[in-house]
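Student: I would like to learn how to read a two-chain model. Can we take the features in turn?

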Amino acid sequence: MNDYTRDELVEDVLDAYMTAASDPDWNTLVTWIERYPQFERELTEFAVAWSRVEALPEPPELSPAQTERFVQRGMVAVQRLLTQASPLISSLLDAGKAQGLSSKQLAERTGLSIVLVGQLNQRLIRYASIPGELIERLARTVHQESAAVRRYLQGGPILAGGALYKANQAPTVAPPQDFVAAVRADPMLSDEQRRRLLALAEPGGDGARQV
Amino acid sequence: MTAVRPLTHRGANGELYYRRPEVERQIETVVSLPVPAVLERTRISNKDDPEYLKDECLVYLIREHRRAGESTLVSDLCEQLLRRCYGIVYSCVGKLRAEFAEEAHAEVVEQLFRKILNTDSDRGDYYEVSFGDGLKRLALTAFGKYSHKQNATDQNVDWDQFPGHDPGLDDAEAPVASALRAADRSAALEALRTLGEPYRTAFYLRYYRGWPTEAADPGKPSLSRYFNKTPKTIFNWFTHAEKKLVIWREGQQ
């Protein structure tokens, strides 16, 4: 369920449309909207943009010097990407703090409760059940690449820090629970928050793949 | 590097992406070449040269060497790919005003290479399937976004209040439109330039791409729905567009 976000699915559909359609004519657009009605707006906007480009004359040819500037400006962006590595995240809460966000603020900005943020931070929620859109939202909020957040969430569950244990044996962590179960059981969520989070987890609500 | 890494991304229909056979064969050949030989082949620009490396093959090499951490080689390969990109990108974003064209170009490059260089994700797979289509899709998306911004800053005349709705122009072919379609394409596009936005787009969609002014099925796209105007307003636009195009045509004679 968390394989692709809605934005990623839109891109896949537009890529397929671009390849399949020889031009942005209305009949082809209608066929694709019938196939993917949930992406009607994006398909229509894309077809209109394509038509707009067609309706304009060719731009003036670039001189060799202008072409070279075009390439070198692009290389600046490429070099920036090449030097970026996906940093490892050691804690979602720490990643939030690095952005000046308290746990409460992190929860507010991601539509979660403090309880859920804590559970995600301790990796007490089964990764495969976490909606992709939520992962993207967490990544945007803590200003990290979504790949880094995904890597973090896929790790094993961790004990809460600062807890004192009196038992003779080392404490064990309960197996991670399902995201939907965690949302339903969370007493700190408002009804509206719960409804929105459960909607993310529904097939299609997260842009789950349509066959 | 020996075995060719398979693609793992599934497309919109849920099916696994796959490379064209000729791309697979070329990759199998190139992966066993020493680096200087690979670089030499990337610099061949003549597509008719049998040694020319296909764009999809170049993308594969970038991704594989990125995984291997060979950053200098990856940088060189990226530059070669960038040189191949500008034609497709410029043909789209070059039609924007300069300040928007630069931003749009930067966005296309960022999005393309972010996907290709991200080894934690298979989002770059599509560029090993059909690089040209994938790149054009990014360029058109960027054009769409920045053309909206550009139109918001343009002081276009508002045609909504022009009188002259002629029911006879309902879905009938506008005489000037058929003349334009029969004319030389570059001349037709010059004529359309005399119309500002959104009227040019509306005219093009109607007479070149077959959009109805109002669709019988409200679930289907139509000019009225897209521009959020009544059919009568759209008809008024075309009435006025006709007049402007007739003036333009008379000016050319």
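Student: Is A:Glu58 buried or exposed?

Tutor: Start with the cut-offs. Buried means under 20% relative accessible area, exposed over 50%, and partly exposed in between, with a 1.4 Å probe and protein chains only. A:Glu58 has a relative accessible area of 58%, so it is exposed. A word on the source: this is a predicted model, where local features need pLDDT of at least 70 and side-chain atom pairs count only at pLDDT 80 or more, while totals for chains, interfaces and linings use all residues. Residues are numbered from 1 along each chain as its sequence is written, chains are lettered from A and ligands numbered from 1 in the order in which they are written, and side-chain values use heavy atoms, leaving out hydrogens and water.

Student: Which residue forms a salt bridge with A:Glu58?

Tutor: First the rule. A salt bridge is a side-chain nitrogen of Lys or Arg within 4 Å of a carboxyl oxygen of Asp or Glu. Here A:Glu58 pairs with B:Lys95, with the closest N and O atoms 3.5 Å apart. A:Glu58 sits in the loop between helix 3 (40–54) and helix 4 of chain A, and B:Lys95 in the loop between helix 4 and helix 5 of chain B, so the pair joins two chains. B:Lys95 is buried, at a relative accessible area of 14%.

Student: How many salt bridges cross the interface of chain B and chain A?

Tutor: The rule finds 11 across that interface. One of them links A:Asp23 to B:Arg209, with the closest N and O atoms 3.6 Å apart. A:Asp23 is partly exposed, with a relative accessible area of 21%. B:Arg209 counts as buried at 15%. Over all chains, the whole structure has 35 salt bridges.

Student: What is the area buried between chain B and chain A?

Tutor: Buried area is the accessible area (1.4 Å probe) that two parts lose on being put together, summed over both. Here it is about 5,700 Å², and carbon and sulfur atoms give 60% of that. In chain B, B:Lys95, B:Arg137 and B:Arg209 lose the most area to chain A, together 13% of what that side buries. Now count contacts, meaning heavy atoms within 4.5 Å. By that rule, 64 residues of chain B are in contact with 58 residues of chain A.

Student: How many helices and strands are there in chain A?

Tutor: Helices (H or I, at least four residues) and strands (E, at least two) are DSSP runs, numbered from the N terminus. Chain A has 11 helices and zero strands. Of its 211 residues, 47% count as buried.

Student: Which residues of helix 4 of chain A are buried?

Tutor: An α-helix has 3.6 residues a turn, so residues three or four places apart point the same way. In helix 4 of chain A, the buried residues are A:Thr67, A:Phe70, A:Val71, A:Gly74, A:Met75, A:Ala77, A:Val78, A:Leu81 and A:Leu82. Seen down the helix axis, they fall within an arc of 165° (taken from the directions from the axis to the C-beta atoms), so they line one face of the helix. The face turned away carries the exposed residues A:Val76 and A:Thr83.

Student: What covers the buried residues of helix 4 of chain A?

Tutor: The cover includes helix 3 (55–67), helix 4 (71–93) and helix 5 (98–117) of chain B. Take A:Thr67, buried with a relative accessible area of 13%. Not counting residues up to four places away in sequence, A:Thr67 touches A:Leu62 and B:Tyr86.
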